[in-house]
Amino acid sequence: MFGDLLVYVALALAATEGQRAPGISDVITEAELAEARRLQPPPVLKATPGRKTLDLKGDAKSIFEQAAHAYGLEAVFDHEYEAGQPTRISLMETDYREALHQLEAATDSFVAVLGERLILVAKDTQQKRTDLEPTVAVTIPIPHPVSIQEAQELARGVQQAMEIIKFGVDSQRRLAFMRDRVSKLRPAQFLFEQLLQHKPQVAVELEMLQVNRNLMLSYGLKTPTEFPFFNFLRLGSSVPSFPVNVARVVMFGGGRTVFGIGISDVELFANMSESSARTLLKAELRSVAGQPASFHVGDQYPVMTAGYFGNTYGMQAFTPPPSFNFADLGLMVKVVAHVHGPDEVTLELEAEFKLLAGQSINGVPVMSNRRLASKVRLKSGQWAVVAGLMNSSEARTITGLPGLSRLPLIGLLFRQNSRARDSAEILIALKPRVISLPSSELVTPALYTGSETRMRTPL
């Protein structure tokens with residue numbers, strides 16, 4: 001079958017060039033066979049441009065020859081091709097592609113391109129398509145916004161839809177490879193390239209508002225709660241003591257003894273301090289739909305993970321240097337945007353607020369961590385407060401003489417009151433904006449592929 005095809009091609013080329021057709025040869029050299037098996041780009045017809053009106057009469061072979069001659073082409077036929085009964089076909093204002101496809105449907109045939117002006121006509125059967133239709137292999141680069149996992153899923157879907165024989169994805173070179181008959185591969189290539197089109201881009205405006213408030217209030221009567229005892233003489237083994245930092249001393253027995261008690265002054269006080277701080281941070285994140293965009297405001301704090309704490313017992317010993325990891329402190333925001341048409345966006349938000357807790361265990365500081373995960377659907381250009389971190393603490397202290405400070409009304413004269421309030425609020429507001437439209441909103445060209453059993457061959 002392959003030798004007969006080479007003979008028909010040689011005959012057609014000789015007739016086109018005005019040379020005498022060579023005889024049929026039963027021998028194919030190894031060089032010719034290797035050249036025939038080598039994958040080459042499929043030829044493209046260069047027919048006479050323009051639209052023509054044709055009135056074709058005769059059997060199938062005669063009709064194909066008339067149509068090919070009208071567009072400056074030559075037609076050869078498979079040796080098993082049957083001409084059939086005479087018929088008449090009229091074509092109105094058609095180019096060469098439309099004319100050949102209509103003749104294919106009318107005569108149950110298919111056309112294979114052998115050269116720039118040469119076509120082969122054969123009966124449209126599965127066996128003939130397998131034997132005569134050229135096989136094509138193509139490679140398609142994978143854009144960087146598309147991950148390898150996504151490309152593999154798309155390749156699997158296209159392979160199942162078009163029943164491609166060979167379809168693979170090279171993760172190292174970021175290339176997709178497919179090989180099959182040209183009538184199946186061209187639509188599969190077109191479909192895969194459409195699915196690989198650039199994803200829509202989304203710009204997310206982020207505003208973080210942080211408000212800190214501190215209030216400290218203390219008031220009351222400061223009375224002494226300790227009364228030091230003094231001994232001015234040396235009695236036995238006792239050591240004489242003298243009052244230091246004491247306002248006045250009360251002597252026992254009206255001064256006729258050597259003992260006394262120190263008494264401090266009573267103070268009436270009232271103090272208040274209040275502070276407020278506001279921080280406003282504005283940022284804009286831009287990312288491809290479905291890909292995460294991260295934002296971090298803060299510092300990196302070294303945290304020791306390993307060190308040597310053993311005793312060397314006064315000897316010189318090797319002590320390995322400590323190892324550290326750097327922890328991200330502050331606010332960390334991660335946003336993933338999903339576009340639903342030109343007006344709506346779904347945002348997946350993860351916000352984390354990490355600070356030092358002020359404590360440590362074995363020299364390792366304790367981290368205070370607050371985390372929030374949320375999902376919200378917004379219109380393009382619409383603001384939404386999607387995260388709020390709030391902290392409030394209040395402390396109250398009473399200091400005074402036991403018992404007396406708890407008495408109603410007069411207890412205020414024997415105690416001091418302190419009150420401290422601390423509050424912190426962090427609000428995160430997001431506004432998405434669609435920069436480029438998704439592929440579903442763009443005009444997608446249509447491609448007619450024919451039926452599953454009779455694929456339309458590209459001409």
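Asp124 and Arg129 are both buried, where buried means under 20% relative accessible area, exposed over 50% and partly exposed in between, with a 1.4 Å probe and protein chains only. Asp124 and Arg129 also form a salt bridge, with the closest N and O atoms 2.7 Å apart. A salt bridge here is a side-chain nitrogen of Lys or Arg within 4 Å of a carboxyl oxygen of Asp or Glu.

The model is predicted: local features need pLDDT of at least 70, side-chain atom pairs count only at pLDDT 80 or more, and totals for chains, interfaces and linings use all residues. Residues are numbered from 1 along each chain as its sequence is written, and side-chain values use heavy atoms, with hydrogens and water left out.

Now the chain as a whole. Its secondary structure comes to 7 helices and 21 strands. Helices (H or I, at least four residues) and strands (E, at least two) are DSSP runs, numbered from the N terminus. The chain has 459 residues, and 31% of them count as buried. Take the contacts between residues at least 6 apart in sequence: 68% join residues at least 24 apart. Contact means heavy atoms within 4.5 Å.

Salt bridges number 21 in the structure. One of them joins Asp78 to Lys128, with 2.9 Å between the closest N and O atoms. This pair links distant parts of the chain: Asp78 sits in the loop between E2 and E3, Lys128 in helix H5 (residues 126-132), and 50 residues separate them. Asp78 and Lys128 are both buried.

Another salt bridge pairs Arg433 with Glu205, the closest N and O atoms being 3.1 Å apart. Here too distant parts of the chain are linked: Arg433 belongs to strand E21 (residues 415-434) and Glu205 to strand E9 (residues 201-222), 228 residues apart. Arg433 is partly exposed, at a relative accessible area of 31%. A network of salt bridges links Glu205, Glu284, Arg286, Lys431 and Arg433.

Next comes a sheet. It is open, has 3 strands in the order E2-E5-E4, and shows mixed pairing. Two strands pair if DSSP finds at least two bridges between them. Strand E2 (74-77) and strand E4 (109-113) stand at the edges with a single partner strand each, so one side of each is left without a neighbour in the sheet. On average, neighbouring strands of this sheet are turned by 30° against each other, direction ignored. E2 and strand E5 (residues 118-123) run parallel and are joined by 4 bridges. Glu74 stands opposite Leu118 in E5.

Two helices meet this sheet. Helix H3 (residues 60-70) lies across E2, E4 and E5 and runs at about 155° to E2. Helix H4 (residues 96-107) packs on the sheet and touches E4 and E5, its direction making about 145° with that of E4. Axes are lines fitted to C-alpha atoms, for helices over the stretch in contact, and angles run from 0 to 180 degrees between N-to-C directions.

How do H3 and H4 lie to each other, roughly parallel or roughly antiparallel? Their axes come within 11 Å and cross at roughly 175°. H3 and H4 are therefore roughly antiparallel; angles under 35 degrees count as roughly parallel, over 145 as roughly antiparallel, 65 to 115 as roughly perpendicular and the rest as oblique. Ala60, Ile63, Phe64 and Ala67 of H3 make the contact with Leu103, Glu104 and Thr107 of H4.

Stay with H4. Its 12 residues, at 1.5 Å a residue, should span 16 Å, and its end C-alpha atoms are 16 Å apart, which agrees. The expected span is 1.5 Å times one less than the number of residues. Tyr96, Ala99, Leu100, His101, Leu103, Glu104 and Thr107 are the buried residues of H4. They pack against strand E1 (52-58), H3, strand E3 (87-94), E4 and E5. Just after H4, Asp108 takes a positive phi of about 55°.

Leu56 lies in strand E1. Its relative accessibility is 3%, so Leu56 counts as buried. Beyond its neighbours within four places in sequence, Leu56 has contacts that include Ile63, Ala67, Ile89 and Leu103. Leu56 and Ala67 are 11 residues apart in sequence, and their C-alpha atoms are 7.5 Å apart in space.
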